[in-house]
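The following note sets out numbered remarks for a colleague who wishes to examine the model. Please read them alongside the coordinates.

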Amino acid sequence: MDLITSFISSDIRTATPLLIAGLGVVFSARAGIVNIGIEGFMLLGALMGVIGSYLCGSAFVGALFAMAFVMILSSVFAFFTINIKADQTVVGTAINIISMGLTITVNRVMFGTNTVIPQIKVFTPVPIPILSKIPVIGQALFNHPIITYMAFLTVPIAWYIMNKTHYGLKIRAVGENPRACDTVGINVSKLRWSSILISGLMSGLAGAFVSMGQLSFFVENMIAGRGFMVLAVIVFGNYSPLGVMIAALVFGAGDAVMYRLQAANTGIPYQISMLLPYLITIFAVCGFIKKSKPPASSGIAYIRE
C-alpha cells in the first residue's frame with residue numbers, strides 16, 4: 001500500500017508542472033500558435049521564482065515574480081510572431097536559446113558559483129483535513145502543495161472558458177479560420193496576443209513549481225525538456241483541458257517510475273532510467289498524433305489583406 005501511495009503521490013507531483021503549462025498552452029495552441037519556446041518560458045520562470053522567493057521570503061511572491069517576467073518574455077514572442085509575422089518555430093527556438101543563456105548568467109551573478117545553496121521558501125505540502133486521513137489514497141491525493149490543488153481545479157475552469165464562453169469560441173474560431181473571423185469583426189491579433197500571454201503566465205508558474213515545488217532551488221537547465229513534453233501533452237490530450245490533464249498524468253507516471261527505479265537501487269544504470277519519460281513521450285505522440293486534430297491554421301501567421 002505504501003508503494004502505491006508513494007507512486008500516485010509522485011505521479012501527481014511530477015505531472016503538476018506539465019498540467020499547469022499545458023492548460024496555458026491549450027489557449028495559444030487553439031488560437032493557431034505553435035510555441036516551442038515553452039521550454040524557455042518554464043526555465044525563466046524557474047529562476048525568477050527562486051529569485052522572488054529569495055528576495056521577498058515567500059514562495060507565492062516568487063511565483064508572481066516568475067509569472068510577471070515570463071509574461072514579458074511571452075510578449076516578445078507575441079510581438080515577433082503576430083506583429084512582425086516571423087516564423088513561430090524560429091522565434092520559439094530563439095526564445096529557448098536566449099532563456100538558456102540568460103538564466104545561466106543571472107543565476108551566477110545573483111548567487112555566484114558556490115556550492116552552498118541559499119535557503120529559500122518553497123511550496124510545502126498542505127494536507128486537506130479529513131480527506132488526507134483516508135487510507136491509501138488520502139496521502140496520495142490530498143497531501144500536496146496548494147499550487148497542485150489549484151492546477152487540477154483549473155481544469156474544469158479552463159474547459160468551461162474554452163467551450164462555454166464567447167472568448168473560448170473566438171479562440172477556437174481564430175485557430176480554424178482567422179480570415180473568416182476578421183471578416184466578421186473579430187480582432188485576430190488581439191486574441192492571439194491574449195492567448196500567448198496566458199500561456200506565458202501559466203508556463204511561468206509551472207517553472208516556479210519545478211524549482212520550488214519539486215526541488216528547493218534553481219539548477220541550470222533544470223527544465224530538461226519538460227517544455228517539449230508540454231507540447232507532447234497538448235497533442236496527446238487532443239488540445240482539450242481534460243485531455244491535457246490525463247496526458248500530464250501519463251507522462252508524470254514516467255517520471256515517477258524513473259524516480260522509483262533510481263531509489264530502489266535495481267542496478268539499472270541511471271542514464272537508462274532517465275530515458276523512460278522521454279520514451280513514453282515519443283511513443284505517446286507517435287501513437288496519438290493521427291487521432292489528434294490541431295487547428296487548421298496552426299503555425300500560420302495571419303496576414304491581413
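1. Helices (H or I, at least four residues) and strands (E, at least two) are DSSP runs, numbered from the N terminus. The model is predicted, so that local features need pLDDT of at least 70 and side-chain atom pairs count only at pLDDT 80 or more, while totals for chains, interfaces and linings use all residues. Residues are numbered from 1 along each chain as its sequence is written, and side-chain values use heavy atoms, with hydrogens and water left out.

2. On a 1 Å grid over the protein atoms alone, a cavity is a set of points where a 1.4 Å probe fits but cannot get out; lining residues have an atom within 4 Å of a point. Grid points are joined across faces, edges and corners, and a volume is the space filled by probe spheres set on the points. The search of the whole structure returns one cavity of 30 Å³ or more, and the largest cavity holds about 60 Å³ of space. Its lining includes I33, K85, R192 and Y302. Two or more lining residues come from each of α3 and α9, and α9 gives the largest share, three residues. By class the lining has five nonpolar, three polar and two charged residues (Ala, Val, Leu, Ile, Met, Phe, Trp, Tyr, Cys and Pro count as nonpolar, Asp, Glu, Lys and Arg as charged, and the others, Gly among them, as polar).

3. On the pockets. A pocket is an open set of points with protein on both sides within 12 Å along at least five of seven lines. The largest pocket has a volume of about 400 Å³; 18 residues line this pocket, and M222, A224, R226, M258 and Y259 are the closest to its centre. At least two lining residues are supplied by each of α1, α9, α10 (226–236), α11 (241–263) and α12 (270–288), with the largest share, four residues, from α11. The classes here are 12 nonpolar, three polar and three charged. The second largest pocket has a volume of about 250 Å³, and among its 14 lining residues N107, G112, N114, F217 and F218 lie nearest the centre.

4. On helix α1. Its 29 residues (2–30) should span 42 Å at 1.5 Å a residue, and the end C-alpha atoms are 40 Å apart, which agrees (the expected span is 1.5 Å times one less than the number of residues). A kink of about 35° is placed at T16, shortly before the proline P17; the bend at a residue is the angle between axes fitted to the seven residues ending there and the seven starting there. Because 22 of the 29 residues are buried, α1 is largely enclosed by the rest of the structure. Buried means under 20% relative accessible area, exposed over 50%, and partly exposed in between (1.4 Å probe, protein chains only). G32, which follows α1, has a positive phi near 95°.

5. On aromatic contacts. Rings of Phe, Tyr and Trp (its six-membered ring) pair if their centres lie within 6.5 Å; planes under 30 degrees apart count as stacked, over 60 as edge-to-face and the rest as tilted. Eight such pairs are found. F60 and F123 are edge-to-face, 5.3 Å centre to centre with 75° between the planes. F123 is buried at 6% relative accessible area. F123 and F209 are stacked, at 6.3 Å and 20°; since F123 lies in the loop between α4 and β1 and F209 in helix α9 (residues 188–214), the pair ties together parts 86 residues apart in sequence.
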